[in-house]
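Here is a short note on the pockets of this protein. Please keep the 3D view open while you read.

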Amino acid sequence: MQTKLRFANTARSQFFATVRQRVDAYFRENGLSPHANGVMWAKTAFFLGGYILLYVLILSNQFGTWTMLAMAIVLGMFAAFIGFNVSHDALHGAFSSHRWVNKLLGDTFYLLGANAYLWKITHNVVHHTYTNIHGHDDDLEIAPGLVRVDADEPLRPWQRFQHYYAFGLYSLASLSWVLSKDYVKFFTKRFGFYDNSSHPRREYIRLFATKAAYYFFFLVLPYLLLDLTWWQLAIGFLLMHLVEGLVLGLVFQLAHVVDGTSFPVPINETTIEEAWAVHQMHTTANFAPRSAVVSFFCGGLNRQIEHHLFPKVCHVHYPAISVLVKQTAQEHGLPYLENPTFGSALHSHYRLLKKLGRASE
């Protein structure tokens, strides 16, 4: 059985205690809540409203085939943006101080065809604790045997070309969630140390009920209402998810699998020498931090460092607290990894994939 990892903090780092004190003081002294503000609620209304509008317009059957296909593609993008901007914060408990609000908005994750309960396990618990640790961080399991993102993984001949084909595989992320991944992960007994062998009965019911509802609203109902053949509907559904998957996959990869991020190996398979927060600084990177457009659509996930250190703080506050995080990191001699633009982060990810696809590099 997999042993639970521990963060030993052998250097007795005071980084996290200091930065947490400064961030808490920022909210207290400015009379601010760390949860959603008016801007956040406006973003939520925009993305949810846009998603519903696009869906209704498609089902109205008032448009030509090519127009509906274009709307389906944009609908896939809006689904990803809901995941970044609404579901993600709510599932972390960052949207509101009220649990019921977080629960309600966290359930928007089902609009992506994904399971909110399972995400809280694999992402909130496993990924956020054991970031970039092979065998523990489930997010590193991009496409086992096809994409190599850790130098300790076996190298296979075809991975020499992974910097080309990986992006195509990322586009399958959403489709995988909808059709297979959630089922497989739900019945996987362990994620590294995490015992995943037992779930409440209601979650078994919710898994299958929400999947069935998604299939009905996105496959059965459109087939009944639209003047489309089954294969036209299938193409629209597929393209919607390919776009959604590519957007989701790229954003998450650019935060952890770029030049400079590390993939620590536990000592004796049980211990990480660094403190948890120090570990986050070595395994996480920001991208396009000064781009208002990227921040708006990515839900602050371009400031992944701040998110990993303060997952219960709403992402609209990340720009302000990033100043404190960066200053404290510099004072403690820790890295603060950033790619200045989305393009530079994408190129960095490409370079790392190319490097990891070759031996002795």
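Predicted model: local features only at pLDDT ≥ 70, side-chain atom pairs only at ≥ 80, totals over all residues.

1. Look at the largest pocket. It holds about 630 Å³ of space. Its lining is made up of 26 residues. Nearest the centre of this pocket are Glu141, Ile142, Ala173, Trp177 and Lys181.

2. Which elements give two or more residues to the lining of the largest pocket? They are helix H5 (116–129), helix H6 (162–170), helix H7 (173–186) and helix H9 (230–253). H7 gives the largest share, with 6 residues.

3. Now sort the lining of the largest pocket by class. There are 14 nonpolar residues, 6 polar ones and 6 charged ones.

4. Move to the second largest pocket. About 520 Å³ of space lies there. The lining counts 25 residues. Ala90, Leu91, Lys103, Lys120 and Asn124 are the closest to the centre of this pocket.

5. At least two residues each come from helix H3 (65–91), helix H4 (99–106), H5 and helix H8 (201–225). Which of them provides the largest share? It is H5, with 8 residues.

6. By class, the second largest pocket is lined by 10 nonpolar, 7 polar and 8 charged residues.

7. Finally, trace H5 in the view.

Conventions:
Residues numbered from 1 in each chain as written. Heavy atoms only, no water. 1 Å grid on protein atoms, 1.4 Å probe; cavity = no way out; pocket = protein on both sides within 12 Å on 5 of 7 lines; lining within 4 Å. Points joined across faces, edges and corners; volume = space filled by probe spheres on them. Helix = DSSP H or I, 4+ residues; strand = E, 2+ residues; numbered from the N terminus. Nonpolar A, V, L, I, M, F, W, Y, C, P; charged D, E, K, R; others polar.
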